[in-house]
Amino acid sequence: MSEPGRIVAGILSPHPPHLIYASNPPQNEPRSSRAGAWNGLLDGYEKLRAELARHEFDVLVAHTPHWKTRTGHHFLGVPHFEGKSVDPIFPNLFQYNFALDIDVELSEAIHDEAAAAGLSTRMMRNPEFRVDYGTITSCHLVHPAWDKPVVAISSARTAFDYSNEAGDQEMLALGRATRRAIEASGRRALCLASNSLSHRHFTSEPEDPEDPSFEHVYNENQSAWDRHILGLMKAGETRRIFDEMPDFTEQCVAETKDGCLSWLLAAMDFPPLPATVHGYGTVIGTGNAVVSWDLDSARTEASA
Ligand code: 2X7
Ligand code: FE2
């Protein structure tokens with residue numbers, strides 16, 4: 001019998017398109033002339049990639065806030081996508097020519113587990129679909145080689161239509177379904193929650209988008225909540241993060257409303273494991289953290 005699959009690491013991998021712009025990868029058309037404003041986050045992603053280089057993995061499974069589906073949880077279901085993804089708010093920063101492979105078998109397996117758990121689900125079979133910039137940015141920053149297939153999961157509207165609590169309960173079910181499907185698949189997966197944290201943001205941009213003197217957190221309330229959540233992450237208090245999520249989401253207009261972080265915590269089954277915060281920084285006033293739960297290293301230590 002083949003080995004059961006597992007989540008190698010859970011990762012909070014925010015997707016400000018600014019980070020792609022500042023890194024000047026060949027896929028992105030706008031060119032940055034100088035780095036400056038977001039070095040804390042770019043360094044954080046570099047440290048994360050160094051940590052991940054110690055692990056083998058087969059697939060990236062991403063939950064994204066920028067593929068918003070009116071009803072239910074949708075899954076990319078075509079083996080290969082190519083096209084240009086343009087950020088609708090920041091087209092000056094992000095026009096990215098993407099080409100990515102999908103692990104359709106795993107995508108369908110998560111879909112089926114979620115449907116069996118009673119969630120509304122759908123496979124997305126349109127080969128012309130323009131993959132959203134949340135999926136692309138998070139996957140690029142975590143693993144720029146694009147040599148592993150991806151599973152991308154949309155953000156359903158439950159929290160927006162009903163309540164933050166109802167949204168998080170759905171993410172609990174979706175996260176558990178994701179875990180079951182990964183285990184049954186034999187895959188070694190990186191799970192990516194693509195959201196920012198506090199999300200109040202400035203509504204104007206400086207002339208030079210990378211002007212470091214412009215960049216700072218929107219206000220102290222936002223920053224205090226982010227510090228609190230990061231403290232819980234470092235303390236391994238994953239269950240408490242989930243319990244406090246509805247208030248955090250409400251009081252910080254946080255992008256956690258789209259469910260990615262709640263899904264990730266549930267997929268990892270709330271490990272009491274201290275996370276590594278590789279970097280924290282603001283982008284146009286929003287709070288963003290690059291964080292990993294290195295589950296494979298914790299397994300190795302536990303079995304030594
Ligand atoms: O989508 C985003 C984001 N979440 C954070 C910061 C800036 C831009 O876009
Ligand atoms: Fe976003």
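Helix α2, which runs over residues 39-52, has 14 residues and reaches 20 Å from its first C-alpha to its last, close to the 20 Å expected at 1.5 Å a residue. Helices (H or I, at least four residues) and strands (E, at least two) are DSSP runs numbered from the N terminus, and the expected span of a helix is 1.5 Å times one less than its number of residues. This is a predicted model, in which local features need pLDDT of at least 70 and side-chain atom pairs count only at pLDDT 80 or more, while totals for chains, interfaces and linings use all residues. Residues are numbered from 1 along each chain as its sequence is written, and chains are lettered from A and ligands numbered from 1 in the order in which they are written.

| Helix | Residues | Buried residues |
|---|---|---|
| α2 | 39-52 | L41, G44, Y45 and L48 |
| α7 | 220-234 | Q222, W225, D226, I229 and M233 |

A residue is buried if 20 or more other C-beta atoms lie within 10 Å of its own, exposed if 12 or fewer, and partly exposed in between, with C-beta atoms placed from the backbone.

In α7, the buried residues fall within an arc of 100° as seen down the axis, so they line one face of the helix. The face turned away from this buried side carries the exposed residues E220 and G231. The buried residues of α7 pack against α8 (238-251), β9 (276-283) and β10 (286-293), and just after α7, G236 takes a positive phi of about 75°.

Six of the eight residues of β9 are buried, so this strand is largely enclosed by the rest of the structure. β9 and β10 pair in the antiparallel sense over seven bridges, pairing being assigned if DSSP finds at least two bridges between two strands. They form a hairpin with two residues between them, and I284 in the turn has a positive phi of about 50°.

I284 is also among the residues surrounding ligand 1, together with H15, P16, P17, S196, E255, V283 and T286, each with its C-beta atom, placed from the backbone, within 6 Å of the ligand.

Definitions and conventions: Arc of directions from axis to C-beta. Contact = placed C-beta atoms within 7 Å.
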